There are 2 protein chains.
Amino acid sequence: MRIALLGGTGDVGQGLALRWAYDTDHEVVVGSREASRARTKAEEYVTELESRGTEVAIEGYENARAVENADVVVLAVPPYYVTDTIESVADNLADDAVVVSPAVGMDRHDGGLSYDPPDVGSVTALAAGAAPADVPVVGAFHNLPADRLANLDADLGIDTLVVGDDDDAKDTVTRVGAGIEGLQVLDAGPLANAAEVESLTPLLIDVAMHNEGLHDLGVVFN
Amino acid sequence: MRIALLGGTGDVGQGLALRWAYDTDHEVVVGSREASRARTKAEEYVTELESRGTEVAIEGYENARAVENADVVVLAVPPYYVTDTIESVADNLADDAVVVSPAVGMDRHDGGLSYDPPDVGSVTALAAGAAPADVPVVGAFHNLPADRLANLDADLGIDTLVVGDDDDAKDTVTRVGAGIEGLQVLDAGPLANAAEVESLTPLLIDVAMHNEGLHDLGVVFN
């Protein structure tokens, strides 16, 4: 598979890029609004992987070029860029591309974060509304601990959830996600369940904030 | 401590009653709207514990009497009974009683459940608004797998979260909760975080619904 990580220069994008390149045979492409930034980051990832004896090519392009021929396109951008990002790449998406939305809207208040979804109910629903009608959108990878994900020395041992209305697209994202060592991918049902999945992210941050010794938390369902 | 479980005849109430009576020295009192129902259930719990060689007294009373002299009062009732239940026992609460809210409002839709909080933002906030001003309310025990909790042969090995604005009250609930073997109690911050904590319950049900082999799920933060 060819996986394009739009916003692949950010926290979660970096972790996913490194893990997929290190743990799997998938081809990883880093996308950014600026091609030079994408290239610089892609080179950083290649250097990091080389230092571990893994020789892979990771390309970096401007978003619209990054999605060309990609089987999976991950929108690893802040929630307020989701719509613009999809619109900027829509014409270049491959016929059978699956779009993945990992972003979460959050509000800060005294003592924590609150889930703050867009009016359509979830960022995943927002992405689904912005994508071309024939492109399936799957919510996934919301609740990954970014630092641990990007640290290839760290064991994951955590779960992540996928939501969406297209079963084939969910299967694709599940297989791609499960290729990352120590990551179990669970089905959280249809897109209508996306808000509950996205709500887990502010909760993980709140729990880390209020318990000594816990940080960069993931979650296991058992 | 003396713990009154209002709605202690229901699923989660039963599990908490059995676990506290089995694992700790706390005195457990079962409350119900009908005294006879509370007594019958209390007797069932005593019989179950006796079959395991544990001799304890568990009393059953109508709610208003059950809360007398209780240090901790758990509102193990459906969300739509929370306000009425608090109002029916308010005059009988001990001076230093802590009220615990484990209820969650949920809506069913195709393929899952949605978090459906009351207008004040969370059931915990609803309970806090209904309780007398000097009685602290703590949200806790929302995300316990009811069947596993009530089955004393089952290992828990899960986490639960407490939220609230009164640190002493949270400490009390944390200590009482941590007395249950295999249950780690984590601080999720102030009452303003209650919605994210309560949202976890429909998510656990959705994940159990959509993954073969998973049911009666708990959660671990790691």
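This is a predicted model: local features need pLDDT of at least 70, side-chain atom pairs count only at pLDDT 80 or more; totals for chains, interfaces and linings use all residues.
In the second largest pocket, H8(A) supplies the largest share of the lining, with four residues. The pocket holds about 610 Å³ of space. Its lining counts 25 residues, and the closest to the centre are A:Val12, A:Met106, A:Leu144, A:Ala146 and A:Thr201. Three elements of chain A give two or more residues each: helix H1 (11-23), helix H6 (146-150) and helix H8 (194-210). By type, the lining residues divide into 17 nonpolar, five polar and three charged.

Now move to chain B. The largest pocket contains about 1000 Å³ of space. It is lined by 39 residues, of which B:Asp11, B:Val12, B:Ala76, B:Val77 and B:Pro78 are the closest to its centre. At least two lining residues come from each of four helices of chain B: H1 (11-23), H4 (82-89), H6 (146-150) and H8 (194-210). H8(B) gives the most, with four residues. The lining of this largest pocket is made up of 20 nonpolar, eleven polar and eight charged residues. Empty space of this kind shows up when a probe the size of a water molecule is rolled over the atoms.

Stay with helix H8 of chain B for a moment. B:Ile205 lies in it. Its relative accessibility is 33%, so B:Ile205 counts as partly exposed. Beyond its neighbours within four places in sequence, B:Ile205 is in contact with B:Met106 and B:Leu113. B:Thr47 is 158 residues from B:Ile205 in sequence. In space, the two are 31 Å apart, C-alpha to C-alpha.

Next come the nonpolar cores. The largest has 36 residues. Six of them touch the most other members: B:Leu16, B:Trp20, B:Ile58, B:Val74, B:Phe141 and B:Val173. Look closely at B:Trp20. Neighbours within four places in sequence aside, B:Trp20 is in contact with B:Ile3, B:Leu5, B:His26, B:Val28, B:Val74, B:Phe141, B:Val176, B:Gly177 and B:Ile180. Two of these contacts, B:Val74 and B:Phe141, are also named among the core residues that touch the most other members.

How do the two chains relate? Two copies of a chain are related by a rotation about an axis and a shift along it.

Finally, turn to the backbone in two loops. Most residues other than glycine have a negative phi. A:Asn69 is not a glycine, yet its phi is positive, at about 65 degrees. A:Asn69 sits in the loop between helix H3 (63-66) and strand S4 (72-75) of chain A. With a relative accessible area of 59%, A:Asn69 is exposed. B:Asp216, also not a glycine, has a positive phi of about 55 degrees. Its place is the loop between H8 and strand S11 (219-221) of chain B.

How values were computed: Residues are numbered from 1 along each chain as its sequence is written. Chains are lettered from A and ligands numbered from 1 in the order in which they are written. Side-chain values use heavy atoms; hydrogens and water are left out. On a 1 Å grid over the protein atoms alone, a cavity is a set of points where a 1.4 Å probe fits but cannot get out, and a pocket is an open set with protein on both sides within 12 Å along at least five of seven lines; lining residues have an atom within 4 Å of a point. Grid points are joined across faces, edges and corners, and a volume is the space filled by probe spheres set on the points. Ala, Val, Leu, Ile, Met, Phe, Trp, Tyr, Cys and Pro count as nonpolar, Asp, Glu, Lys and Arg as charged, and the others, Gly among them, as polar. A nonpolar core is a set of buried Ala, Val, Leu, Ile, Met, Phe, Trp, Tyr and Cys residues joined through side-chain atoms within 4.5 Å. Buried means under 20% relative accessible area, exposed over 50%, partly exposed in between (1.4 Å probe, protein chains only). Contact means heavy atoms within 4.5 Å.
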